[in-house]
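Work through these exercises with the structure open beside you. Try each task before you read its solution.

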Amino acid sequence: MFTTWKARFMNNNILILSEGMHTSIQDIGRKGFRSFGVPISGAMDKFSAILANKLLNNDEKLPVMELTLVGPKLLFEDHSLIVLTGADMSPEINGIPIKMNHVYEVKTSDVLSFGELKFGARTYLGVKGGFLTEKKLKSFSYYDGITSQDKIHKGDRIRIASYDASLDITSSMIKVKNSHFDAKKLEVTKGPEFNRLTKKHRELLFKRQFKIDKLNNRMAYQLKNKFPALKNSGIITSATIPGTIQLTPSGKLIIMMRDCPTTGGYPRILQLTDIAINQLAQKKQDEVFKFDMESSFDFLGRLVSRFKD
């Protein structure tokens, strides 16, 4: 267990020296506004985002910084505690390599930078007490049209909480299973239009290895493989959620991700499980995987876990 830190909300900042590829602030999502057409958003890999907060003894709902493929360069203008989870982007503090999933103290003028991407696609930076950015519609998650910006830019100052530096630091770390990053099978359940698939469709769906297209982002992942189109592919525009897998008339498979629209007009043939969404969020262009139908036993176990204390 870590020592409990007393957060004092002050004007402490992180200065963005370079922004990386797509760096944003995310929490566990913007819930309760889908009826107004507002996406859920939130961390692409919620497991890693929540882990960052847990390692800091933060509330798991506090916002973290999400880094994608290429990390930013950050200058801390005050001291804090930090942790990095998810993808390993070879992080360094003042040029000295640091470990993933390990709590560190940073001091005024310390610089956090990143290098080679060793595995995964998204890293999460947690700070003690969280990021104090704008909160819109009950969430800190960046989303264009809801928050004032959809990503972090060079020169931005990101406000963070402060902590009592007079307390002792207890260091600890945790190891995350490799399967979170290199899963070869992603578990799915049947989608609302699954029954429209023929026997041949279903055989191909679970036998074929699928490859991620270059068109992949926070809204959706497209797959390179062409899939046989349905004869009767039209549906009334219907609800979609993160993890919904749609089949277009041209035979393209599209997997909805955290920033996906609230409705869609293509058949929803499969639905990724919560765990599978997190695993897919850590995959990059040209990585491959297969779909695996979740067993009834696994489904019931996942359902029960939601109601545990």
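**Exercise 1. Find which residue of β19 is the bridge partner of Q246.**

Step 1. The partner of Q246 in β19 is R268.
Step 2. Strand β16 covers residues 244–247 and strand β19 covers residues 268–272. Strands here are DSSP E runs of at least two residues, helices are H or I runs of at least four, and both are numbered from the N terminus.
Step 3. β16 and β19 pair antiparallel, over three bridges. Two strands count as paired if DSSP finds at least two bridges between them.

A note on the model: it is predicted, so local features need pLDDT of at least 70 and side-chain atom pairs pLDDT 80 or more, while totals for chains, interfaces and linings use all residues. Residues are numbered from 1 along each chain as its sequence is written, and side-chain values use heavy atoms, with hydrogens and water left out.

**Exercise 2. Name the strands that helix α3 touches.**

Step 1. Locate α3 at residues 199–207.
Step 2. List its contacts (heavy atoms within 4.5 Å). α3 packs on the sheet and touches β12, β13, β17, β19 and β20.
Step 3. Axes are lines fitted to C-alpha atoms, for helices over the stretch in contact, and angles run from 0 to 180 degrees between N-to-C directions.

**Exercise 3. Decide why helix α4 is described as largely enclosed.**

Step 1. α4 spans residues 274–281.
Step 2. Check burial (buried is under 20% relative accessible area, exposed over 50%, partly exposed in between, with a 1.4 Å probe and protein chains only). A276, I277, N278, Q279, L280 and A281 are buried.
Step 3. Conclude. Six of the eight residues are buried, so α4 is largely enclosed by the rest of the structure.

**Exercise 4. Describe the surroundings of D45.**

Step 1. D45 lies in the loop between β2 (24–26) and α1 (46–55).
Step 2. Look for a salt bridge (a side-chain nitrogen of Lys or Arg within 4 Å of a carboxyl oxygen of Asp or Glu). D45 is buried yet has none. The nearest side chain of opposite charge, R258, is 6.4 Å away. Lys and Arg count as positive, Asp and Glu as negative; His and the chain ends are not counted.
Step 3. Leave out residues up to four places away in sequence. D45 then touches E66, Y124, H180, N278, A281 and Q282.
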